[in-house]
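Colleague: I would like to learn how to read a structure like this one, feature by feature. Could you take me through it?

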Amino acid sequence: MKLYNILTQSVEPFEPQEPEAVTIYVCGITPYDTTHLGHAFTYTAFDILIRYLEFQGYDVRYVQNVTDVDDDILRKAREVGENWMVIGDRWTAHFIQDMQTLNVRPPDYFPRATDVISQMIETVEALLDAGYAYESDGSVYFHTAAWPEYGKLSRIPRAEMLPIANEHGNVPDDPKKRDPLDFVLWQAQAPGEPAWDSPWGAGRPGWHIECSTMSAHYLGATIDIHGGGADLVFPHHESEIAQSECATGQQPFVRFWLHTAMVHHEGEKMSKSLGNLVMARDLLTTWSPDALRLYLGCHHYRDAWEHGDEALEHAEALAQKLRRAATAAGGHSPPVDPTPKRATFVEAMERDLDTRAAIAVLEALAEEILDGSEAGREVKAAQDTLRNLGDVFGLRLDAGEPDPRVVAGWDEHLRRFEKSS
RNA sequence: GGCGCCGUAGCCAAGGGGUAAGGCAAGGGUCUGCAAAACCCUGACCGCUGGUUCGAGUCCAGCCGGCGCCUCCA
């Protein structure tokens with residue numbers, strides 16, 4: 001399979017480190033608000049990648065984090081006068097329910113940031129020992145000037161980073177930093193904020209450290225694939241690379257970096273700050289999960305696209321056609337041979353996940369089945385293939401309900417988020 | 001400003017040197033008591049200007065236009 005790796009800016013043949021297993025990490029949500037269509041796009045896109053890898057026989061080990069303590073959640077907690085943990089648990093449960101409805105394969109590990117505080121402290125200590133970080137008045141910072149490779153993912157020239165950052169009104173005047181570009185690994189407790197004990201005093205983890213820590217902890221120092229939304233490239237993923245490669249001393253931290261494009265609505269990027277959000281859950285009151293998955297799959301993961309009802313109507317019609325094909329009665333005339341369609345489907349997916357082309361193959365196969373059924377031909381083998389290929393897209397066809405394994409896997413994660421709410 | 005993506009029919013698009021897939025919409029038709037569905041038929045100065053070439057959506061250069069990201073974000 002070929003995948004576009006933004007690290008090398010080229011489509012490269014993908015081979016995992018181990019011949020039969022793939023390690024993948026996808027940046028998760030900050031649970032302080034609801035799951036919108038952009039989240040659904042990202043997580044179903046990586047779900048398709050993971051399901052396709054499994055379809056090809058790989059054993060996939062998948063980690064997704066939950067950023068349950070950060071500036072946004074704490075701000076939200078102050079705004080609404082609620083405990084930050086209650087907010088995090090509530091919105092994580094909400095996210096999980098949406099993932100279940102969409103039949104998204106659960107990650108094998110779904111840790112909160114606060115589940116790995118001690119491991120994060122160890123990462124920060126490793127960075128201090130290696131000389132890439134410094135402690136300053138109870139906080140610890142990554143010293144970007146100490147690592148010349150900072151910028152290799154986003155390719156922003158070093159000289160540009162600081163002026164750009166300053167232009168954007170960010171406050172480079174934290175007196176505790178040596179360099180305004182340095183980012184925090186551990187921040188000393190602010191009044192009223194939650195804190196954990198550390199060698200540098202009470203505080204909480206910085207913005208990027210959880211992903212570096214979890215990735216190494218659950219998957220190893222070098223992983224095959226790291227995914228997330230394209231808006232995370234800089235500084236989040238850039239900083240993750242710096243932390244991980246400096247802390248473990250091993251390169252690369254990630255072999256393939258994959259990013260999903262942003263979903264647009266009303267002509268602008270769908271974003272919390274612009275207020276043009278479309279909630280996955282609201283769409284699911286009108287459209288079937290299969291239709292929504294086909295709708296999302298009809299857009300290539302690297303192409304930005306505009307949300308609109310017309311394409312959803314098309315997707316719903318397609319979902320119905322696939323469902324009809326999966327259940328059409330067969331006869332005894334010569335069978336419909338699904339082999340060529342299966343090969344075309346695989347060819348499309350091998351080409352950097354050309355999901356649009358792959359869905360077109362599903363539709364063509366469904367039409368062959370419907371035609372064959374009408375002509376009294378045997379369609380069982382073709383229907384088995386349709387189900388098999390549809391499963392790569394997480395389609396349930398006539399099953400109606402999400403896959404029981406999907407529900408059970410997420411339910412197990414869900415239990416850990418229901419205690420405080 | 002930097003980095004990146006992209007301009008192909010009304011819309012979504014495939015194709016990445018050999019003479020323009022497909023889908024939606026629109027119009028016409030078949031079928032139907034009417035309608036729907038289904039099926040058939042109908043559409044392109046490939047952003048502009050140069051260059052390379054026997055031949056350029058396709059490669060190169062330059063321009064024009066759109067979009068994304070740039071320590072809030074999937």
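Modeller: Gladly. Let us begin with what counts as pairing: two strands pair if DSSP finds at least two bridges between them. Keep in mind that this is a predicted model. Here S11 and S13 are joined by two bridges and run parallel.

Colleague: Which residue of S13 is the bridge partner of His 264?

Modeller: Glu 306 is the partner of His 264. The general idea is that strands of a sheet pair through backbone hydrogen bonds, either parallel or antiparallel. In this case the sheet is open, has three strands in the order S12-S11-S13, and shows mixed pairing. Strand S12 (268-269) and strand S13 (305-306) are its edge strands, each pairing on one side only.

Colleague: How do S5 and S6 run, parallel or antiparallel?

Modeller: Antiparallel: strand S5 (residues 133-136) is joined to S6 by four bridges. Glu 135, for instance, has Val 140 in S6 as its bridge partner. The hairpin of S5 and S6 has two residues between the strands, and Asp 137 there takes a positive phi near 55°. S6 also runs antiparallel to strand S7 (residues 183-188), with three bridges between them. There, Tyr 141 has Val 184 of S7 as its bridge partner.

Colleague: And how do I read the faces of a strand?

Modeller: In a regular strand the side chains alternate between the two faces of the sheet. Take strand S6 (residues 139-142), which is covered on both faces. Ser 139 and Tyr 141 are buried on one side, and Val 140 and Phe 142 are buried on the other.

Colleague: Is Gln 64 buried or exposed?

Modeller: Buried means under 20% relative accessible area. Gln 64 has 2%, so this residue is buried. Gln 64 belongs to strand S4 (residues 59-64), and its side chain makes a polar contact of 2.9 Å with the side chain of Tyr 62.

Colleague: What lines the largest cavity?

Modeller: Its lining includes Phe 41, Ile 48, Arg 293, His 299 and Tyr 301. H1 and helix H9 (289-297) each supply at least two lining residues, and H1 gives the most, with four. By class, the lining of the largest cavity has six nonpolar residues, five polar and one charged.

Colleague: Which residues come nearest to RNA strand B?

Modeller: Of the 35 residues around RNA strand B, the nearest are Gly 229, Asp 231, Leu 232, Lys 269 and Met 270. Of the atoms of RNA strand B that come within 4 Å of the protein, 67% belong to sugar and phosphate.

Colleague: What do the side chains do there?

Modeller: An N or O atom in the side chain of Lys 269 is 2.6 Å from a phosphate oxygen of RNA strand B. For His 39, the distance from a side-chain N or O atom to a phosphate oxygen is 3.2 Å. The side chain of Asp 72 has an N or O atom 2.9 Å from a sugar or linking oxygen of RNA strand B.

Colleague: Which element gives the largest share of the surface near RNA strand B?

Modeller: H1, with four residues. The surface near RNA strand B has 13 nonpolar, 14 polar and eight charged residues.

Notes. Residues are numbered from 1 along each chain as its sequence is written. Chains are lettered from A and ligands numbered from 1 in the order in which they are written. This is a predicted model: local features need pLDDT of at least 70, side-chain atom pairs count only at pLDDT 80 or more; totals for chains, interfaces and linings use all residues. Side-chain values use heavy atoms; hydrogens and water are left out. A residue is near a molecule or strand if one of its heavy atoms lies within 4 Å of it. A polar contact is a pair of N or O atoms within 3.5 Å; within protein, one must be able to donate a hydrogen and the other to accept it, and residues adjacent in sequence count only if both atoms are side-chain atoms. Ala, Val, Leu, Ile, Met, Phe, Trp, Tyr, Cys and Pro count as nonpolar, Asp, Glu, Lys and Arg as charged, and the others, Gly among them, as polar. On a 1 Å grid over the protein atoms alone, a cavity is a set of points where a 1.4 Å probe fits but cannot get out, and a pocket is an open set with protein on both sides within 12 Å along at least five of seven lines; lining residues have an atom within 4 Å of a point. Buried means under 20% relative accessible area, exposed over 50%, partly exposed in between (1.4 Å probe, protein chains only).
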